[in-house]
Amino acid sequence: MASQALEGRLREVPFRGGGFVLVRRRGAAVIFFAGLIAVWELAVRSGSVSPLFLPAPTSVVHALYDLAVSGALWRHISDSLFRLVFGWTLGTAAGLVAGFAMGIWSIPRAIGVPFVSALFPIPKIALLPLLILWFGIGEASKVATIALGVFFPTTIATYSGIDGVPRNLIRMGQSFDLPWHVILKNIVLPGAMPGILAGFRITASIALILLVAAEMIGAQYGIGAFILSAGNLMQTDQLLAGVVLLSVLGLVIGAGLSRLERWLLRWR
Amino acid sequence: MELLVEGVSHRYGDIAALENINLMVREGEILALIGPSGCGKSTLLGIVGGILKPTSGRVLVSGEPPTGSLNPFTYVFQDFALLPWRTVEGNVALPLEHHGLPESERRARIADVLARTGLTEFRNAFPKQLSGGMRQRVGIARALVVRPAMLLMDEPLSALDAQTRELLMEDFLALWLKERITVVYVTHNLDEALRLADRVAILSRRPGRLRDVVTVGVAQAERTQPAAQMRLAALHDQLWRLIKAEAQVAEREVIEDGIAGT
Ligand SMILES: Nc1ncnc2c1ncn2[C@@H]1O[C@H](COP(=O)(O)OP(=O)(O)OP(=O)(O)O)[C@@H](O)[C@H]1O
Ligand SMILES: [Mg+2]
């Protein structure tokens with residue numbers, strides 16, 4: 001549309017937007033990790049890294065294979081999973097109950113907040129010796145350690161989640177004469193769900209840490225016990241195989257939680 | 001149902017929000033409640049519907065709610081107050097859930113109000129997928145599903161843009177003309193009040209006192225016709241004069257409050 005006379009003096013407006021936008025580049029990660037493992041493998045094979053300190057990826061895979069064939073792998077995994085699932089579920093259930101009470105009633109809140117603030121910062125593994133005295137060296141003390149570690153963050157996530165439920169929605173429920181339990185189930189619980197699920201992510205990783213620590217202190221089977229004994233025998237390939245197992249376990253739990261979130265929070 | 005507000009005053013701590021309100025709401029009318037920001041309109045509406053206890057005074061009702069009314073005093077909220085995790089249908093179903101209605105009646109009630117508010121094809125949408133106007137339709141459908149005796153609407157259109165407001169107002173009026181449900185309608189907006197209300201109650205700035213109650217005297221169905229325009233324009237002027245001075249003072253007051261509060 002520019003007139004002929006103007007044409008010579010026209011310039012394009014320079015573009016200054018762009019950048020600071022993240023786009024999906026799926027292949028990049030695959031290439032990076034494949035490259036990293038290849039470099040690692042080559043470094044060990046060429047002799048520039050001692051296999052005692054850092055065994056090659058192929059040796060780690062080999063160690064895993066041997067473990068699977070011998071059957072020891074399943075024993076370690078099932079013992080660990082039992083402690084993890086049992087401890088996490090126990091701590092989560094108790095934490096949800098306490099968190100709901102603190103989110104809804106004033107007196108539990110008044111008592112609970114100082115209690116939780118005082119006990120939450122204690123690294124729960126420090127309580128394991130005490131718990132061993134109480135429950136013995138067996139499963140109960142390990143499960144209790146994990147449950148304790150999970151309990152406090154779940155409590156905090158739950159009552160903060162309830163604090164975040166818009167009050168106008170609760171007033172709306174009251175204005176329709178909804179009974180207390182209907183408001184709790186249909187307004188408070190779903191409203192607190194994003195906070196509770198964010199708490200699950202934190203407690204899952206806490207549970208994993210406490211699991212390994214507890215197993216290193218006193219267990220015959222379990223991934224933590226296995227890693228410790230491999231270290232003591234300088235079997236670094238086995239040690240790393242155990243670490244890989246933990247990493248896979250963490251990934252599986254994380255993926256499961258993501259699915260749960262996508263399903264429960266599909267309204268967001 | 002008729003409703004009588006008798007000598008109602010309300011204080012929030014040191015703040016006097018309402019002072020000696022005496023007001024009657026008649027069966028089948030739309031009573032608009034208008035007044036400057038912060039004068040206690042929402043407070044009065046809360047007291048009328050029984051979700052706020054007045055410091056003094058009382059609210060009386062006469063007559064029985066219509067049969068099948070599950071929640072005689074039902075609110076429509078300015079911010080819609082929809083549950084974001086429920087679909088349109090789920091939101092509308094919420095106030096029915098604890099009543100244990102037969103499944104067929106429950107479905108019939110929901111289908112009926114969705115049709116009347118033009119939401120049938122959106123019944124599976126979540127609130128975040130809807131425009132503001134559609135969200136308030138859900139708020140209205142949810143209120144109608146309990147067959148209220150009295151609708152208490154707190155600035156139901158003020159979160160919407162001007163065009164949406166106009167459209168929704170006309171649709172609401174069409175709905176109302178069929179049922180003539182009793183409505184208390186809080187608004188800032190004089191045009192809204194003059195389009196919808198049978199009577200307009202004007203509150204002074206805080207503490208809210210009843211300044212005047214003005215009868216519009218033109219049937220809602222005739223208000224868009226040329227013959228009514230003179231009367232409506234005159235009313236508009238009269239009401240605006242009443243409100244203007246109050247609003248000017250109230251505006252300054254709010255700002256001073258803000259400074260004092262910090
Ligand atoms: N819960 C509360 N605690 C203390 N003060 C309150 C509370 N609710 C309202 N107020 C004060 O009481 C006065 C009346 O409030 P109200 O919400 O009834 O006014 P309103 O006329 O609805 O105002 P708006 O036009 O802004 O909606 C205001 O000054 C407000 O700040
Ligand atoms: Mg208000």
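Contact here means heavy atoms within 4.5 Å, and by that rule Ser80(A) touches Leu211(A), Glu215(A), Gly222(A) and Ile223(A), leaving aside residues up to four places away in sequence. This is a predicted model, so to speak of local features a pLDDT of at least 70 is needed, side-chain atom pairs count only at pLDDT 80 or more, and totals for chains, interfaces and linings use all residues. Residues are numbered from 1 along each chain as its sequence is written, chains are lettered from A and ligands numbered from 1 in the order in which they are written, and side-chain values use heavy atoms, with hydrogens and water left out.

Ser80(A) sits in helix α4 (residues 72–104) of chain A; helices (H or I, at least four residues) and strands (E, at least two) are DSSP runs, numbered from the N terminus. At 1% relative accessibility, Ser80(A) counts as buried, where buried means under 20% relative accessible area, exposed over 50%, and partly exposed in between (1.4 Å probe, protein chains only). One of its contacts is polar: the side chains of Ser80(A) and Glu215(A) are joined at 2.8 Å. A polar contact is a pair of N or O atoms within 3.5 Å; within protein, one must be able to donate a hydrogen and the other to accept it, and residues adjacent in sequence count only if both atoms are side-chain atoms.

Chain A also brings helix α8 (167–175) up against chain B, as part of what the buried residues of α4(B) pack against. In α8(A), the buried residues are Leu169(A), Ile170(A), Met172(A), Gly173(A) and Ser175(A). Their cover includes α9 (180–218) of chain A, along with β5 and α4 of chain B. After α8(A) comes Asp177(A), with a positive phi near 60°.

Seen from the other chain, helix α4 (residues 132–144) of chain B has 13 residues and reaches 19 Å from its first C-alpha to its last, close to the 18 Å expected at 1.5 Å a residue. That expected span is 1.5 Å times one less than the number of residues in the helix. Since 10 of its 13 residues are buried, α4(B) is largely enclosed by the rest of the structure. Among the buried ones are Gly133(B), Gln136(B), Arg137(B), Ile140(B) and Leu144(B). Besides α8 of chain A, the buried residues of α4(B) pack against β5, α2, α3 (103–116), β6 (150–154) and α5 (162–179) of chain B.

Helix α5 of chain B holds Leu168(B), which counts as buried at 3% relative accessibility. Leu168(B) touches Gly133(B), Gln136(B) and Arg137(B), as well as Leu157(B) and Leu160(B), not counting residues up to four places away in sequence. Leu168(B) and Arg180(B) are 12 residues apart in sequence and 17 Å apart in space, C-alpha to C-alpha.

Next, the ligand. Ligand 1 is surrounded by residues of chain B, including Tyr12(B), Ser37(B), Gly40(B), Lys41(B), Glu155(B), His188(B) and Arg206(B), each with a heavy atom within 4 Å of it. The shell divides into three nonpolar, six polar and three charged residues; here Ala, Val, Leu, Ile, Met, Phe, Trp, Tyr, Cys and Pro count as nonpolar, Asp, Glu, Lys and Arg as charged, and the others, Gly among them, as polar. Helix α1 (residues 41–48) of chain B gives the most to this shell, with three residues. A polar side-chain atom of Arg206(B) lies 2.8 Å from an oxygen atom of ligand 1, a polar backbone atom of Gly40(B) is 3.0 Å from a ligand oxygen, and for an N or O atom in the side chain of Glu155(B) the distance is 3.3 Å. Taken alone, ligand 1 exposes 630 Å², and the protein buries 62% of that (Shrake-Rupley method, 1.4 Å probe; for residues, only the protein chains shown count as cover).

The peptide bond from Arg206(B) to Pro207(B) is cis, with omega near -5°, and Pro207(B) is in the loop between β8 (199–203) and β9 (210–215). Asn20(B), in strand β2 (residues 15–25), has a positive phi near 45° despite not being glycine, and at 48% relative accessibility Asn20(B) is partly exposed. Ala81(B) also has a positive phi, near 50°, but is buried at 2%, in the loop between β5 (73–76) and α2 (88–93).
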